[in-house]
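This report goes through a protein model residue by residue and contact by contact. Please look at the sequence and the structure below before reading on.

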Amino acid sequence: MTDGEDDTVGETSEGLQVELFHPESDREPGDTNIERFGFDVHPVVFPIALVLIVLFVALTLSFETIADALGWTMVAADGGTTTMDAQNAFNVIFDEINANFGWFYILVVNVFIAALLFFAFSKYGKIRLGGVEAEPEFSTFAWMAMLFSAGMGIGLMFWSVAEPMWHLGTGGGNLFDVAPNSGAGAQAAMGVTFFHWGFHPWAIYGLVALGLGFFSFNRGLPLTFRSVFYPLLGDRIYGWPGHVIDLVTVFATIFGLGTSLGLGAQQINAGLEVVSEDVTGSAMVDVATTPQIAIIAVITAIATISVAAGLEGGVKRLSTLNVYIMFIFLGFLLAVGPTLYLFDSIVQNVGFYLQNLPYMAFFTESFMGEGVQGGYANWAHFWTVFYWGWWIAWSPFVGLFIARISRGRTVRQMVFGVLLIPTAFSFVWLGAFGGAGIYVQQVLGDANLQNIVTTQGDIGNAYAMFAMLESFPLTTITSVVAILLVTTFFVTSSDSGSLVVDHLTSGGKHDVPRTQRIFWAVAEGAVAATLLWGGGLDALQTASITTGLPFAAILLLMVYTVYLGLRSEYEILQSEEFRERIGEISGEGEVEIDRSGGDVVTGVREGTESGSSD
């Protein structure tokens, strides 16, 4: 077929996408927006989100004054009472949510995995995001680099050594009855770490990305969370029900991102102290809240420059750079570390994870009780439930970003890409760095260098990565590379978050003014810095998991709406009307359609007048 015919079919399929699939509505994304001072914002979502975020931050900073006026007290270190501060208030909220709703978090995340696999393996798997002739905007490598960098880069850098070492010291917490700091304890530690960073978080991201991408690209609805509920709400998504959904999404995005930015600032701060001490003989950088706020300010400035360059010029390039640096860093450790030990352990860890996945996935700590001999009270609440709440709070941010870059891919391609490739890389990364930490701890021992577990307990999890690197060559250089990686992940997370909040507060427009992108990049850094100052990392974590709770219920409902949308699309793709309309406009008579997914197969169907005589 000629190029002209290709263009005709492309225009045909795009027109049919509007004619047959888009809802009959005169509403368009951002059609009520206010355009002023370089902004293009939704008249309700933008101002209310801004006011509520400012109020939350102000409440955090002034909490102790308010608590003193209301007479709220807490137990002091000397056994007496003192005025409750923000950090302790956040701890109380955090504990209550985890204790009372932990079972719900664990249940719904397993539902999300089951739903995502059903969509991928079912007849809906070949439906293409964007329509039957949509083509991917980015190469597979660039696509994977962007979704991985946005997904959990900072978290992997922070926890890849710290979490296995922590679980090593507890024998895998309450999940496994093994001795701490033993060989079985090391296996349990790696299995638990793989569990927290494996299929479950990426299933949450993939489900959200599927819903947002489908309803935006295939239905022509705004690229915001309200659109996912069109099958239930209809045009009411443009009213207050939609406004509330998008406001909750903005909060989850801002505070979920703030948690990661706080972790990143802590690790950069710790790394700068370690490197300065290695180079000068004395620590030139203190590890404290003030330097961490300064780090957030500097990197937010860099992120602002990057986000101003847009998705193609900024985020894509930095995400690709991240992946290259990660591969170099990973390759170096595998080469100079205990290579055979690491490869052996990675393979064994994957098997252990898969073997115990059903047990770990539904573990709620029901029969452990508090203070059980040999157990760790509420271990699952502080680890698994927190992670699931954090991932759910991140899901609007990561899911919307993945949807934004996944147009042109089939449901099956997107699900497998999101679920398998980042998970596989995470396993190799965690297995290498976590395995190296366990090797230093168990094989080299204290006689080699400082005990990593002791380092964690004495000065914090942020040091675990750098304590492990001290046992291998070129410590200062590898520490600098680790700082660089955290920094670039910091920037790409801020970039991606800004683009996502832009979509949410601009009525779902795909393109927003540069001024607006810069505004949200600065706002995210400011929120993370002020919450870090007012309530420490506890404030960020509590804000994240609190917004994650209502979002878990929203995502559960979203499973049903995505099913309704895919079922409707599949029925239309199977209809004779769709095939006949393609044939009429293309001028080819009746055109063959791939019945499993609706892709156009140009040419004349056998048996028609202009076809063969068979």
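Glu-365 counts as buried, at 8% relative accessibility; buried means under 20% relative accessible area, exposed over 50%, and partly exposed in between (1.4 Å probe, protein chains only). This is a predicted model, in which local features need pLDDT of at least 70 and side-chain atom pairs count only at pLDDT 80 or more, while totals for chains, interfaces and linings use all residues. Residues are numbered from 1 along each chain as its sequence is written, and side-chain values use heavy atoms, with hydrogens and water left out.

**Two loop residues with positive phi**

Glu-365 is placed in the loop between helix H12 (339-361) and H13. Helices (H or I, at least four residues) and strands (E, at least two) are DSSP runs, numbered from the N terminus. Although Glu-365 is not a glycine, its phi is positive, about 70°. Asn-181, in the loop between H5 and H6, also has a positive phi, near 60°, and is a residue other than glycine. Asn-181 is partly exposed, at 45% relative accessibility. As background, most residues other than glycine have a negative phi.

**Salt bridges**

A salt bridge is a side-chain nitrogen of Lys or Arg within 4 Å of a carboxyl oxygen of Asp or Glu. How many salt bridges does a search of the whole structure find? It finds three, and they are listed here.

| Salt bridge | Closest N to O |
|---|---|
| Arg-404 and Glu-137 | 3.4 Å |
| Arg-219 and Glu-569 | 2.5 Å |

Arg-404 and Glu-137 form a salt bridge. Arg-404 belongs to helix H13 (residues 379-405) and Glu-137 to the loop between helix H4 (86-121) and helix H5 (140-168), so this pair ties together parts that are 267 residues apart in sequence. Arg-404 is buried, with 16% relative accessibility, whereas Glu-137 is partly exposed, with a relative accessible area of 47%.

The salt bridge of Arg-219 with Glu-569 links distant parts of the chain, 350 residues apart: Arg-219 is in the loop between helix H7 (199-218) and helix H8 (230-233), and Glu-569 is in helix H18 (residues 514-573). Both Arg-219 and Glu-569 are buried.

Asp-246 is part of helix H9 (residues 240-280) and Arg-226 is in the loop between H7 and H8, so the parts tied together are 20 residues apart in sequence. Asp-246 and Arg-226 are both buried.

**Aromatic rings**

Rings of Phe, Tyr and Trp (its six-membered ring) pair if their centres lie within 6.5 Å; planes under 30 degrees apart count as stacked, over 60 as edge-to-face and the rest as tilted. By this rule there are 41 aromatic pairs. In one of them, the ring centres of Phe-195 and Trp-388 are 5.2 Å apart and the planes are at 70°, so the pair is edge-to-face. Phe-195 in helix H6 (residues 183-197) and Trp-388 in helix H13 are 193 residues apart, and the pair links distant parts of the chain. Phe-195 and Trp-388 are both buried.

One aromatic cluster includes Phe-158, Trp-166, Tyr-205 and Trp-391. A ring also takes part in another kind of contact: Arg-409 lies over the face of Trp-143, at 4.3 Å from the ring centre. A charge sits over a ring if NZ of Lys or CZ of Arg is within 6 Å of the ring centre and within 35 degrees of the ring normal.

**Helix residues and their distant partners**

Phe-401 lies in helix H13 and is buried, at 2% relative accessibility. The C-alpha atoms of Phe-401 and Val-500 are separated by 6.2 Å, although the two are 99 residues apart along the chain. Ile-53, in helix H2 (residues 45-61), is buried as well, at 6% relative accessibility.
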